[in-house]
Amino acid sequence: MRRISFYTILLAFICAVISATSLADTFLSRGAIPVIDKIKISKVAGPIPYPWGIALLPNGSLIITQRDGKLRTITNNTLSEAIDFPAQVFFEGQGGLLDVIASPNFDKDQLLYFSYASGNTESNRLTIGRGRWQSGQLVDFQEIFKAAQGKKNSAHFGSRFAFLPDGTLLASIGDGGNPPQDFLDVFAREQGQNLQTHFGSIIRIKSDGSVPDDNPFVNTKGALPEIWSFGHRNPQGLAIDPESQVIWSSEHGPAAGDELNQVQKGANYGWPRVTFGRDYRDGSNISFKIASPEFTSPFLAWIDTHAPGGLTVYTGTAFPQWRGHLLSAGLVTQDLRVINPQGDPLNVERRIVIGERVRDAEIGADGNLYIITDGPQGHLLRIEPDQ
């Protein structure tokens, strides 16, 4: 057995003390989370194979992506037949057809945006495309973005969307995978600190895929100009508060290291230089630091694994007390977390117990909340007040 020296322990303690000075505004989620009652959960549709993204259309219909490369719509609580996606997707592991979002000008342009894994086992990457929604079909489809480098595993695509008020599109991209997966002769996770790859970043592009002139790294030599923020691991939640304009992301950490972040232009979130999580393989430290002044610390760190999926800012009418709260889908915890960004340390997070892996949530035209559950037998569920 390897012996740990006194000096190693002392160094870890000193680093932890230094780190703590950068965590004054970080909430830590650990232990029992209060359960929300007086709600009604009902099944609307299913089974739906491998649902991943859900979006509300202006006519009140919901559109759902399936990782196997199919689309579904829900109109008046009725599930459509499967609709073929017009591009080839890499459906393996965490890959496949992923997020969907409607254009802010959908009433005029009928555009839907999709993220998906493309390629094969030896070389695959996150890709973004758009097409017009016409009579229940996707037409005039075109690819508008593809991550700069491919990878050799089927994990960590990230892949959530959010439109900024100026009409530009944010999209998240994972770091490339867990060890022993490597890239450029180092662990793939190291690419979170490399501005020459899209891995471990949130990008910002125009609606046609071109690069905005005011992106933070457009004039940085060697940096990819699409990058908006970096140092992320696998962000599968992305949302913008329509009132405050604050950008939020939720991301999978390694074991016990999930995060909820406020995303800022040009900011570095530290992965893998700082993390609350440990290496999946043996529980060892990935870093002796949980924070450092040169990195942006999370708003909330889940010390107990949450495995966050989609992220939504609640703007509906059914639960007026939740307006402005964040809704974080829980895969491992099989719940929906309701997070008050203005809450005190004892009242920042509560949970709705679902009992299935929750992949994403959307606010329906009726003001109620709709969630999709994960897996080969997923479902669309409605959450409403239980009077």
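Which residue forms a salt bridge with Asp374, and how far apart are the closest N and O atoms? The partner is Arg357, with the closest N and O atoms 3.0 Å apart; a salt bridge is taken here as a side-chain nitrogen of Lys or Arg within 4 Å of a carboxyl oxygen of Asp or Glu. The model is predicted, so local features need pLDDT of at least 70 and side-chain atom pairs count only at pLDDT 80 or more, while totals for chains, interfaces and linings use all residues. Residues are numbered from 1 along each chain as its sequence is written, and side-chain values use heavy atoms, with hydrogens and water left out.

Strands, of at least two residues, are DSSP runs of type E, and helices, of at least four residues, are runs of type H or I; both are numbered from the N terminus. Asp374 is buried, with a relative accessible area of 18%, whereas Arg357 is partly exposed at 34%. The term buried means under 20% relative accessible area, exposed means over 50%, and partly exposed covers the range in between, with a 1.4 Å probe and protein chains only.

Over the whole structure, the search finds 18 salt bridges. The side chains of Asp166 and Arg204 meet in one of these, at 2.8 Å from N to O. This pair links distant parts of the chain, 38 residues apart: Asp166 is in the loop between strand 12 (161–163) and strand 13 (169–173), and Arg204 is in strand 16 (residues 201–205). Arg204 is buried, with a relative accessible area of 3%. Arg204 also forms a salt bridge with Asp214, with the closest N and O atoms 2.8 Å apart. Asp214 lies in the loop between strand 16 and strand 17 (227–230) while Arg204 is in strand 16, so parts ten residues apart in sequence are tied together. Asp214 is partly exposed, with a relative accessible area of 41%.

The loop between strand 16 and strand 17 also holds Phe217, which is paired with Phe230 in strand 17, 13 residues apart. The structure holds 13 aromatic pairs, where rings of Phe, Tyr and Trp (its six-membered ring) pair if their centres lie within 6.5 Å, and planes under 30 degrees apart count as stacked, over 60 as edge-to-face and the rest as tilted. The pair of Phe217 and Phe230 is edge-to-face, at 5.7 Å centre to centre and 80° between the planes. Phe217 is buried, with a relative accessible area of 10%, and Phe230 is buried, also with a value of 10%.

Phe85, Phe114, Tyr116 and Phe141 form one aromatic cluster. Phe114 is also the bridge partner, in strand 9, of Val100. Strand 8 and strand 9 (residues 111–120) pair in the antiparallel sense over four bridges; two strands pair if DSSP finds at least two bridges between them. Six of the six residues of strand 8 (residues 97–102) are buried, so this strand is largely enclosed by the rest of the structure.

An open sheet of four strands has the order 22-23-24-25, with antiparallel pairing. Strand 22 (308–313) and strand 25 stand at the edges with a single partner strand each, so one side of each is left without a neighbour in the sheet. The twist averages 25° from one strand to the next, with axes taken as lines fitted to C-alpha atoms, for helices over the stretch in contact, and angles running from 0 to 180 degrees between N-to-C directions. Strand 22 is joined to strand 23 (residues 326–330) by four bridges, and the two run antiparallel. Leu311 stands opposite Ser328 in strand 23.

Backbone geometry was also examined. A cis peptide bond, with omega about 5°, joins Gly46 and Pro47, and Pro47 is found in strand 2 (residues 39–48). The peptide bond from Pro179 to Pro180 is cis as well, with omega near 10°; Pro180 is placed in the loop between strand 13 and strand 14 (182–183). Ser135 is not a glycine but has a positive phi of about 50°. Ser135 is found in the loop between strand 10 (123–134) and strand 11 (137–146), and counts as exposed at 75% relative accessibility. Asp140, not a glycine either, has a positive phi of about 55°; this residue is found in strand 11 and is exposed at 54%.
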